[in-house]
Amino acid sequence: MFPRDFAWGAATSAYQIEGGWQADGKGPSIWDTFCHEKRGVHGGQNGDVSCNSYELWEKDLECIQQLGLTHYRLSLSWARLLPDGTTRNVNRRGVQYYNRVIDDLLACNVSPMVTLYHFDLPQAIQDLGGWKSPGVATLFDSYAKFCFQTFGDRVKLWITINEPHVCAKLGHEDGIHAPGLKEKGTAAYLVGHNMLRAHASAWHSYDSAYRATQKGAVSLALNSDWLEPLDPGCREDVESAERDLAFTLGWFAWPVFVTGDYPEIMRSAVETQSKALGYRGDFRLPTFSKDDPPILGTADFFALNNYTSRKVKSGGCGEQTLSMKRDLDAEELLDPSWPICGVSWLAVVPHGLRKLLKYIKDVFNNPAIYITENGFAQVGPLQTEDVERCNFYKSTILEVAKAIEEDGVDVRGYFAWSLMDNFEWADGFSVRFGLFHVDFSDAELRRTIYRSGREYAKIISEYKSRRLT
Ligand code: GAL
């Protein structure tokens, strides 16, 4: 059911697993600051140590081998490589660490997929205005070029930025992620814009200076729930679901894959709400400048992070002042028939992923798609025999197979989130997404495979053996 060279992977990110927050010359990132300033992370926890992958990498590699992964998605810590965010000051120990990780993976026949930015901006760049400042795009481009130059002889799959939607909205509108800003209805659009500019600059740098020799592929990872109208017979609900998809996935995918600009429904919604509150229509969602590298076409594949689904109903936001919620003017609901897994936002809807894959095929010109994150959370008492998570993976992978076989979607790979339990952002260590359990109370941070890890390994080995026949 899966193509011969299908990528079977698992994913992690630097801040969530590495620890070593100031080891060997690493600079601080906005997540170090956010956690240390106790800005709302569960239990005042932080990623200072987490899984300590900075020192225990060989343990992670054992987990990767035990699962039989063909691919492993990791992120680089910008501030570990460039402590002040600029290439003026390179931390050689950081370079050594990632060289070792990449070399070890390749020696075990595992291909790395490397994310340049997974939520952890160097604090030094935040101090210059962070993602709100237009200059961040140039700094990101220099960092990206440094990484292509240093690691690109061995890394063939690159993600520039992970989930610009989450960084922009949770970090700058809702304030529940670093840097903790709550500048409603304005900052997130600016941040998203600069992230797109940064991504496009890096893609163009790769295209012009590295692609010919390194022969890799570059994209950005976009998150979206599957969003469908509460009442498919109600025009307002249908339009609201379309608008919601435009504000989530389309915000970034439309410029990159379709037109080089934001979706028209998003532009007009933001304009309408600006005018309704007495502002100029064009004052919030920026326009792409001719001086910037073009955005359209700056992805060699579609990288999708998907966890869940929502039903969408029109109106009902009731916000009186500027906000993204007011712009969206729609309400997201859970279908009571969907089981909730652990965290309140994570309804288990495997068929939603299939629908979203088909939607991406139809709307974004049938791209090659990697599912770069998908997973199931556990909270409360530890269950190593995690039968529900096993069922989740089995039914989700079946839906992916149907998308490939029956809907003709070009899916190239699937990365489970996550290799092991780790620091789950604002939820700290209270939410566990791992295929391996990590005992955070144990000095050695022992990793133990969950039943779901064994199940995933079994699925992978079945497909690998079919590939040989
Ligand atoms: C994504 C994020 C991951 C992980 C996951 C589970 O938004 O990229 O880092 O935390 O959610 O919530």
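A polar contact is a pair of N or O atoms within 3.5 Å; within protein, one atom must be able to donate a hydrogen and the other to accept it, and residues adjacent in sequence count only if both atoms are side-chain atoms.

## Basis

The model is predicted: local features need pLDDT of at least 70 and side-chain atom pairs count only at pLDDT 80 or more, while totals for chains, interfaces and linings use all residues. Residues are numbered from 1 along each chain as its sequence is written, and side-chain values use heavy atoms, with hydrogens and water left out.

## Ligand site

An oxygen atom of the ligand lies 2.9 Å from an N or O atom in the side chain of Trp425. For Glu163, the distance from a side-chain N or O atom to an oxygen atom of the ligand is 2.5 Å. Asn162 has a polar side-chain atom 2.9 Å from a ligand oxygen atom. The ligand exposes 300 Å² when taken alone, and the protein buries 92% of that; the areas come from the Shrake-Rupley method with a 1.4 Å probe, and for residues only the protein chains shown count as cover.

The residues around the ligand are Gln16, His118, Phe119, Asn162, Glu163, Tyr307, Trp345, Glu373, Trp417, Glu424, Trp425 and Phe433. A residue is near a molecule or strand if one of its heavy atoms lies within 4 Å of it.

## Nonpolar core

A nonpolar core is a set of buried Ala, Val, Leu, Ile, Met, Phe, Trp, Tyr and Cys residues joined through side-chain atoms within 4.5 Å. Buried means under 20% relative accessible area, exposed over 50%, and partly exposed in between (1.4 Å probe, protein chains only). The largest such core has 150 residues, of which Trp31, Trp131 and Phe140 touch the most other members. Helix α9 (residues 187-214) supplies the largest share of this core, 11 residues. Helices (H or I, at least four residues) and strands (E, at least two) are DSSP runs numbered from the N terminus.

Contact means heavy atoms within 4.5 Å. Setting aside residues up to four places away in sequence, Trp131 touches Trp78, Tyr117, Leu121, Val136, Phe140, Ile161, Leu190, Val191, Asn194, Met195 and Ala198.

## Helix α8

Helix α8 (residues 164-172) is largely enclosed by the rest of the structure, because 7 of its 9 residues are buried. These are Pro164, His165, Val166, Cys167, Ala168, Gly171 and His172. The buried residues of α8 pack against β3 (111-117), β4 (157-162), α9, β5 (217-223) and α10 (235-258).

## Cysteines

With a disulfide taken as a pair of cysteine sulfur atoms within 2.5 Å, the count is 0. Cys35 is in no disulfide, and the nearest cysteine sulfur, that of Cys51, is 14 Å away. Cys35 has 2% relative accessibility and so counts as buried.

For Cys341, the closest cysteine sulfur is in Cys390 at 13 Å, too far for a bond. Cys341 is also counted as buried, because its relative accessibility is 3%.

## Two loop residues

Glu18 is in the loop between α1 (14-17) and α2 (30-36). Its relative accessibility is 3%, so Glu18 counts as buried. The side chain of Glu18 makes polar contacts with the side chains of Arg80, at 2.9 Å, and Tyr98, at 2.5 Å. Beyond its neighbours within four places in sequence, Glu18 is in contact with Val49, Asn52, Ser53, Tyr54, Ser75, Ser77, Arg80, Tyr97 and Tyr98.

Asp335 lies in the loop between β9 (330-333) and α13 (350-363). Its side chain joins that of Ser337 in a polar contact of 2.8 Å. The C-alpha atoms of Asp335 and Ala347 are 8.6 Å apart, and the two residues are 12 residues apart along the chain.
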